[in-house]
Amino acid sequence: MSFVDKTIKCSDCGTDFTFSASEQEAFSQRGYTNDPKRCTACRAARKPQGSSFSGGNGGGANRQMFPVVCAECGKQTEVPFEPRGGRPVYCRDCYGKRPESQRR
Ligand SMILES: [Zn+2]
Ligand SMILES: [Zn+2]
């Protein structure tokens, strides 16, 4: 089975777009028998937001944690921000023990 590039008019924006041989091959491998009706841009615009590059897990609640060593007790801990600028980072315990005036 061989494929050749096809030109199709997008049903959304009316632009002629190329349904390339390699795309046709991919389509047929996935079991699609119909040609696409929309250009790549319109198809992308119709996809659910972020599905292609967010990893698919739309939880949104998981913050990135950064491993640090507490400047006070030397314990390994994690903080929800990126430590930078050489500022000391404390574990939860030591941070809580610090005098009010030295907290940030
Ligand atoms: Zn279009
Ligand atoms: Zn500590």
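## Contacts of Phe 27

Phe 27 touches Phe 19, Tyr 32, Asn 34, Pro 36 and Arg 43, leaving aside residues up to four places away in sequence; contact means heavy atoms within 4.5 Å. The model is predicted: local features need pLDDT of at least 70 and side-chain atom pairs count only at pLDDT 80 or more, whereas totals for chains, interfaces and linings use all residues. Residues are numbered from 1 along each chain as its sequence is written, chains are lettered from A and ligands numbered from 1 in the order in which they are written, and side-chain values use heavy atoms, with hydrogens and water left out.

Phe 27 also belongs to the largest nonpolar core, together with Ile 8, Cys 10, Phe 17, Phe 19, Cys 39 and Cys 42. Such a core is a set of buried Ala, Val, Leu, Ile, Met, Phe, Trp, Tyr and Cys residues joined through side-chain atoms within 4.5 Å.

## Chain architecture

The chain has three helices and four strands, in the sequence pattern β-β-α-α-β-β-α. Helices (H or I, at least four residues) and strands (E, at least two) are DSSP runs, numbered from the N terminus.

Of the 104 residues, 20% count as buried; buried means under 20% relative accessible area, exposed over 50%, and partly exposed in between (1.4 Å probe, protein chains only).

## Zinc ion, ligand 1

The protein donors of the zinc ion (ligand 1) are the SG atoms of Cys 10, Cys 13, Cys 39 and Cys 42, lying 2.3 Å from the ion. Donors are N, O and S atoms within 2.8 Å of the metal (3.2 Å for Na, K and Ca); water is not among the atoms, so sites may look incomplete. The angles among the four donor atoms are 104 to 116 degrees, and the site is tetrahedral; four donors count as such if all angles lie between 85 and 135 degrees.

The donor spacing in sequence is C-x2-C-x25-C-x2-C. Cys 10 counts as buried because its relative accessibility is 3%, and both Cys 39 and Cys 42 are buried.

Cys 73 lies in the loop between strand 3 (66–69) and strand 4 (76–79), and Cys 91 in the loop between strand 4 and helix 3 (92–97), so the pair ties together parts that are 18 residues apart in sequence.

Cys 73 is partly exposed at 44% relative accessibility, whereas Cys 91 is buried at 2%.

How values were computed
Four donors count as tetrahedral if all angles lie between 85 and 135 degrees; four count as square planar and six as octahedral if opposite donors are over 155 degrees apart and all others between 65 and 115; anything else is irregular.
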